[in-house]
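Let's take a guided walk through a protein chain together.

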Amino acid sequence: MRKNSIKNTRINTEVQKVLAEVIRGEIKDPRISPFTSVVAVEVASDLKTCKAYISVLGDDLAAQNTLAGLKSAEGFIRNRLAKTINLRNTPEIRFVMDQSIAYGVNMSKKIDEVIAEIPDRSEEEAETEEE
(Lines give C-alpha, C1' and ligand atoms only; values in the text may rest on other atoms or scores of the structure.)
Protein backbone atom coordinates (compact mmCIF):
# COMPACT_ATOMS: atom_id res chain seq x y z
CA MET A 1 0.00 0.00 0.00
CA ARG A 2 1.40 3.41 -0.94
CA LYS A 3 1.90 5.90 1.87
CA ASN A 4 -0.55 8.45 0.49
CA SER A 5 -3.19 6.04 -0.72
CA ILE A 6 -6.85 6.87 -0.26
CA LYS A 7 -7.26 4.10 2.30
CA ASN A 8 -4.31 5.34 4.37
CA THR A 9 -5.59 8.93 4.21
CA ARG A 10 -9.02 7.84 5.46
CA ILE A 11 -7.48 5.82 8.30
CA ASN A 12 -5.27 8.77 9.31
CA THR A 13 -8.28 11.09 9.40
CA GLU A 14 -10.42 8.68 11.39
CA VAL A 15 -7.66 7.94 13.92
CA GLN A 16 -7.04 11.69 14.34
CA LYS A 17 -10.74 12.29 14.99
CA VAL A 18 -11.00 9.52 17.58
CA LEU A 19 -7.76 10.54 19.32
CA ALA A 20 -8.98 14.13 19.60
CA GLU A 21 -12.31 13.00 21.10
CA VAL A 22 -10.65 10.66 23.59
CA ILE A 23 -8.06 13.21 24.70
CA ARG A 24 -10.64 15.98 25.00
CA GLY A 25 -13.40 14.11 26.76
CA GLU A 26 -12.45 10.75 28.21
CA ILE A 27 -9.02 11.05 29.84
CA LYS A 28 -9.17 12.34 33.40
CA ASP A 29 -5.40 12.77 33.95
CA PRO A 30 -4.76 16.24 35.47
CA ARG A 31 -1.36 16.44 33.75
CA ILE A 32 -3.00 16.70 30.34
CA SER A 33 -3.66 20.31 29.41
CA PRO A 34 -7.23 21.18 28.38
CA PHE A 35 -5.70 23.09 25.44
CA THR A 36 -4.30 19.98 23.75
CA SER A 37 -5.00 19.33 20.09
CA VAL A 38 -4.12 16.55 17.69
CA VAL A 39 -2.51 18.31 14.73
CA ALA A 40 -1.84 15.30 12.50
CA VAL A 41 -1.67 11.52 12.56
CA GLU A 42 0.48 9.21 10.45
CA VAL A 43 -0.50 5.54 10.56
CA ALA A 44 2.06 3.18 9.06
CA SER A 45 0.99 1.24 6.00
CA ASP A 46 1.04 -2.05 7.97
CA LEU A 47 -1.25 -0.48 10.62
CA LYS A 48 1.09 -1.45 13.46
CA THR A 49 2.44 1.95 14.46
CA CYS A 50 1.08 5.45 14.56
CA LYS A 51 2.65 8.87 15.13
CA ALA A 52 0.30 11.41 16.66
CA TYR A 53 1.49 15.01 16.46
CA ILE A 54 0.24 16.89 19.51
CA SER A 55 0.15 20.64 20.08
CA VAL A 56 -0.29 22.17 23.54
CA LEU A 57 -1.14 25.80 24.15
CA GLY A 58 1.01 27.01 27.03
CA ASP A 59 4.57 26.83 28.28
CA ASP A 60 7.11 24.01 27.96
CA LEU A 61 6.20 22.57 31.35
CA ALA A 62 2.56 22.13 30.30
CA ALA A 63 3.72 20.45 27.09
CA GLN A 64 6.02 18.04 28.97
CA ASN A 65 3.32 17.20 31.51
CA THR A 66 0.78 16.61 28.75
CA LEU A 67 3.18 14.33 26.88
CA ALA A 68 3.87 12.34 30.07
CA GLY A 69 0.14 12.04 30.77
CA LEU A 70 -0.60 10.86 27.23
CA LYS A 71 2.20 8.28 27.37
CA SER A 72 0.83 6.89 30.64
CA ALA A 73 -2.70 6.75 29.18
CA GLU A 74 -1.57 5.10 25.94
CA GLY A 75 -3.15 1.75 26.85
CA PHE A 76 -6.51 3.36 27.56
CA ILE A 77 -6.34 5.41 24.35
CA ARG A 78 -5.42 2.36 22.31
CA ASN A 79 -8.31 0.41 23.85
CA ARG A 80 -10.78 3.19 22.91
CA LEU A 81 -9.29 3.32 19.43
CA ALA A 82 -9.78 -0.44 19.01
CA LYS A 83 -13.41 -0.23 20.15
CA THR A 84 -14.22 2.73 17.92
CA ILE A 85 -12.38 1.89 14.71
CA ASN A 86 -12.61 -1.59 13.28
CA LEU A 87 -9.07 -2.32 12.10
CA ARG A 88 -7.23 -5.59 11.79
CA ASN A 89 -4.44 -4.27 14.02
CA THR A 90 -4.76 -1.45 16.51
CA PRO A 91 -1.68 0.70 15.99
CA GLU A 92 0.81 1.38 18.77
CA ILE A 93 0.64 5.14 19.33
CA ARG A 94 3.71 7.33 19.68
CA PHE A 95 3.03 10.91 20.71
CA VAL A 96 5.24 13.62 19.23
CA MET A 97 5.16 17.30 20.16
CA ASP A 98 4.39 19.53 17.20
CA GLN A 99 5.98 22.95 17.52
CA SER A 100 4.78 24.30 14.17
CA ILE A 101 2.03 26.50 15.66
CA ALA A 102 4.39 28.07 18.20
CA TYR A 103 6.99 28.50 15.47
CA GLY A 104 4.45 30.26 13.24
CA VAL A 105 3.39 32.62 16.03
CA ASN A 106 7.04 33.41 16.81
CA MET A 107 7.83 34.12 13.14
CA SER A 108 4.75 36.35 12.85
CA LYS A 109 5.90 38.39 15.87
CA LYS A 110 9.38 38.77 14.35
CA ILE A 111 7.92 39.93 11.03
CA ASP A 112 5.74 42.48 12.85
CA GLU A 113 8.82 43.76 14.74
CA VAL A 114 10.79 44.19 11.52
CA ILE A 115 7.90 45.98 9.82
CA ALA A 116 7.55 48.31 12.82
CA GLU A 117 11.25 49.22 12.58
CA ILE A 118 11.02 50.15 8.90
CA PRO A 119 10.05 53.83 8.56
CA ASP A 120 6.80 54.49 6.79
CA ARG A 121 7.36 55.09 3.05
CA SER A 122 4.90 57.96 2.92
CA GLU A 123 6.97 59.88 5.50
CA GLU A 124 10.12 59.36 3.43
CA GLU A 125 8.38 60.59 0.26
CA ALA A 126 7.09 63.67 2.09
CA GLU A 127 10.62 64.50 3.30
CA THR A 128 12.11 64.18 -0.21
CA GLU A 129 9.40 66.39 -1.70
CA GLU A 130 10.06 69.16 0.85
CA GLU A 131 13.71 69.34 -0.13
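Where in the chain does Leu 47 lie? Leu 47 sits in the loop between strand 1 and strand 2. Its phi angle is near 60°, a positive value in a residue other than glycine. Leu 47 counts as buried because its relative accessibility is 10%; buried means under 20% relative accessible area, exposed means over 50%, and partly exposed is in between, with a 1.4 Å probe and protein chains only.

Before going on, a word on the source: this is a predicted model, in which local features need pLDDT of at least 70 and side-chain atom pairs count only at pLDDT 80 or more, while totals for chains, interfaces and linings use all residues. Residues are numbered from 1 along each chain as its sequence is written, and side-chain values use heavy atoms, with hydrogens and water left out.

**The overall plan**

The chain has five helices and three strands. Here helices (H or I, at least four residues) and strands (E, at least two) are DSSP runs, numbered from the N terminus. Along the sequence they follow the pattern α-β-β-α-α-β-α-α. Of the 131 residues in the chain, 30% are buried. Now look at the contacts, meaning heavy atoms within 4.5 Å. Among those in the chain with a separation of 6 or more, 60% are between residues 24 or more positions apart.

Start with helix 1 (6–25). Helix 1 has 20 residues and reaches 29 Å from its first C-alpha to its last, close to the 28 Å expected at 1.5 Å a residue. The expected span is 1.5 Å times one less than the number of residues. The buried residues of helix 1 are Asn 8, Ile 11, Asn 12, Val 15, Val 18, Leu 19, Val 22 and Ile 23. Seen down the axis, these buried residues fall within an arc of 140°, so they line one face of helix 1. The arc is that of the directions from the helix axis to the C-beta atoms. On the other side of helix 1, Ile 6, Arg 10 and Arg 24 are exposed. Strand 1, strand 2, helix 2, helix 3 and strand 3 are included in what covers the buried residues of helix 1.

Ala 20 also belongs to helix 1. With a relative accessible area of 22%, Ala 20 is partly exposed. Ala 20 and Thr 36 are 16 residues apart in sequence, and their C-alpha atoms are 8.6 Å apart in space.

How far apart are the end C-alpha atoms of helix 2? They are 18 Å apart, which agrees with the 18 Å that its 13 residues (60–72) should span at 1.5 Å a residue. In helix 2, the residues Ala 63, Thr 66, Leu 67, Gly 69 and Leu 70 are buried. They cover an arc of only 165° around the axis, which puts them on the same side of helix 2. The face turned away from this buried side carries the exposed residues Asp 60, Leu 61, Gln 64, Lys 71 and Ser 72. The buried residues of helix 2 pack against helix 1, strand 1 (36–43), strand 2 (49–56), helix 3 (74–84) and strand 3 (92–97).

In helix 3, Glu 74, Ile 77 and Leu 81 are buried. These lie within an arc of 65° when seen down the axis, so they line one face of helix 3. Gly 75 and Lys 83 are exposed on the other side of helix 3. Helix 1, helix 2 and strand 3 are what the buried residues of helix 3 pack against.

**The pockets**

Rolling a probe the size of a water molecule over the atoms shows where empty space is left. On a 1 Å grid over the protein atoms alone, a pocket is an open set of points where a 1.4 Å probe fits, with protein on both sides within 12 Å along at least five of seven lines; lining residues have an atom within 4 Å of a point.

| Pocket | Volume | Lining residues |
|---|---|---|
| Largest pocket | about 280 Å³ | nine nonpolar, four polar, three charged |
| Second largest pocket | about 170 Å³ | three nonpolar, two polar, four charged |

A volume is the space filled by probe spheres set on the points, with grid points joined across faces, edges and corners. Ala, Val, Leu, Ile, Met, Phe, Trp, Tyr, Cys and Pro count as nonpolar, Asp, Glu, Lys and Arg as charged, and the others, Gly among them, as polar.

Of the 16 residues that line the largest pocket, Ser 55, Val 56, Leu 57, Gly 58 and Ala 102 are the closest to its centre. Strand 2, helix 2 and helix 4 (100–117) each supply at least two residues of this lining. Ala 102 is found in helix 4 and counts as partly exposed, at 45% relative accessibility. The C-alpha atoms of Ala 102 and Val 56 are separated by 9.2 Å, although these residues are 46 residues apart along the chain.

The second largest pocket brings us back to Leu 47, which lines it together with Lys 7, Arg 10, Ile 11, Asp 46, Asn 86, Leu 87, Arg 88 and Asn 89.
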